[in-house]
Amino acid sequence: MKSYKIAWLPGDGIGPEVTEEARKAVDAAGAKHEFKIEWVRYPFGAAHYQRTGETLPDSALAEMALCDAMLLGAVGAPSVKPGILERGILLKLRFHFDQYINLRPALTYKGVPCPIPTSGRIDSVVVRENTEDFYMGVGAAAEGGNINTPFEVKRELYKVSGRLSAAFSPGHAAAAQVGILTRPGIERVTRYAFNLAKGRGEKEVTLASKANAVPILYGFLDEETRRVAGEFPDMSLKIQNVDALCCHLARKPDSYGVILCPNLFGDIVSDLLSGLTGGLGLGAGGNIGDKLSMFEPVHGSAPDIAGTGKANPLAAVLCAAMMLAHIGENEGAQTIGQALESYLAESGAKRPVELGGSALCMEVGDAVVKKIG
Ligand code: ATP
């Protein structure tokens, strides 16, 4: 029997509740498809930080590196200053393991109406570059009309350092932030998107760009993406301005497959798609890299409903299915996906509270496990 070691970081708020249900689904799929999971639970999050002052120690990173993947609930709590846990845990994990892809599938389900009439099913995946663009943290506010700030950013692929300098005359209050894209950064995410589309039996990848208005940064993106697309001669690249893409998505959301996005556009486009396909409780995401990949729901810790049982665990369950596909347990992943789909289609009044039904978190998890059989 195949066995996997999974780092499980339930975290804060509803994180423990929803990942518990996801774990149940994975274990049930394992029993059915003959694989076993060793769950290695980590305590990091608000309570641990408040008790010990520790966010995420390097020793834990070394241990996690030996795992096959990570399932994460949510990190953040009203009792901890915003940013401490996000930077100290989430971003630390993403950068340490160079998780350069944020994968956000969007799928419509029977029983979860799309707010826009569609002729077919929405079945898209946003492949969002996760390390570059306007998320490099390079920028400054002008003090007295001047910016003169050194910067240094380390990424797995490179280090970039320099000085941001500008003089405003007259010296109005102003701010500047820099977007950076690099050839190797674009190459790896583009290859990932094309291979993903190929695996889904699709012939096209859509790139969300904006080279007409931001020609230096996104003109470079277009050029480099086109070059890498040439490695896939039987497939095509459609470059679309992100504004036009959003307009199309709002009118015909079922007409896209894999959508490749630079970091900022990916953040926005994936939320638009998740709004069209059922909202936060169904939004699953993966942070993928060549080292440890981490699967976490799109929603946060939702402290307002933590402990009430009202949390919808389906996003976490979908994350678990993505995680299984990532480690090569495709049948297990499919089984969970089908179980979730069939539960939603038949649940009626017993759908999750978040979707207007009466089923509490554990009841939803149990119903999915029952469908797994
Ligand atoms: P954080 O600061 O950790 O991001 P947050 O409350 O600001 O937490 P989210 O957790 O993303 O942001 O959620 C926003 C709101 O959506 C929550 O207050 C909650 O009411 C609702 N919500 C989020 N996730 C779920 C879920 N899985 N099931 C039901 N409701 C949810």
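A polar contact is taken here as a pair of N or O atoms within 3.5 Å; within protein, one atom must be able to donate a hydrogen and the other to accept it, and residues adjacent in sequence count only if both atoms are side-chain atoms. The model is predicted, with local features needing pLDDT of at least 70, side-chain atom pairs counting only at pLDDT 80 or more, and totals for chains, interfaces and linings using all residues. Residues are numbered from 1 along each chain as its sequence is written, and side-chain values use heavy atoms, with hydrogens and water left out.

The side chain of N287 makes polar contacts with the side chain of E296 at 2.8 Å and with the side chain of N102 at 3.5 Å. With a relative accessibility of 1%, N287 counts as buried, where buried means under 20% relative accessible area, exposed over 50% and partly exposed in between (1.4 Å probe, protein chains only). Beyond residues up to four places away in sequence, N287 touches R94, Q99, I101, N102, N130, S293, M294 and E296, contact meaning heavy atoms within 4.5 Å.

Another buried asparagine is N263, at 2% relative accessibility, which is found in helix 8 (residues 263-276). Its side chain is joined to that of R128 by a polar contact of 2.9 Å, and a polar atom of the N263 side chain lies 3.3 Å from the backbone oxygen of E132. Leaving aside neighbours within four places in sequence, the contacts of N263 are R128, E129, N130, T131, E132, D133 and Y135.

On the scale of the whole chain, an automatic or database domain assignment sets the domain bounds. The protein chain is divided into domain 1 (1-112 + 293-373), domain 2 (114-132 + 181-277) and domain 3 (138-178). The centres of domain 2 and domain 3, taken over C-alpha atoms, are 29 Å apart.

Next comes the interior. A nonpolar core is a set of buried Ala, Val, Leu, Ile, Met, Phe, Trp, Tyr and Cys residues joined through side-chain atoms within 4.5 Å. The largest such core has 82 residues, of which V26, I336 and L344 touch the most other members. Helix 9 (residues 314-327) gives this core its largest share, 11 residues, and at least three residues come from each of domain 1 and domain 2. Not counting residues up to four places away in sequence, I336 touches A25, V26, A29, V317, A321, L324 and I372. A second, separate core of 22 residues includes A60, M64, C67 and L72.

C67 is buried, with a relative accessible area of 8%. Its sulfur is 17 Å from the closest cysteine sulfur, in C319, and therefore too far for a bond. C114 is likewise in no disulfide, the nearest cysteine sulfur being that of C246, 15 Å away. With a disulfide defined as a pair of cysteine sulfur atoms within 2.5 Å, the count comes to zero.

Finally, the ligand has 14 residues around it, of which G300, S301, A302, D304 and N312 come nearest; a residue is near if one of its heavy atoms lies within 4 Å. An oxygen atom of the ligand is 2.7 Å from a side-chain N or O atom of D304. A backbone N or O atom of G300 lies 2.8 Å from a ligand oxygen atom, while a backbone N or O atom of N312 lies 2.8 Å from a ligand nitrogen atom.

Note on methods. Helix = DSSP H or I, 4+ residues; strand = E, 2+ residues; numbered from the N terminus.
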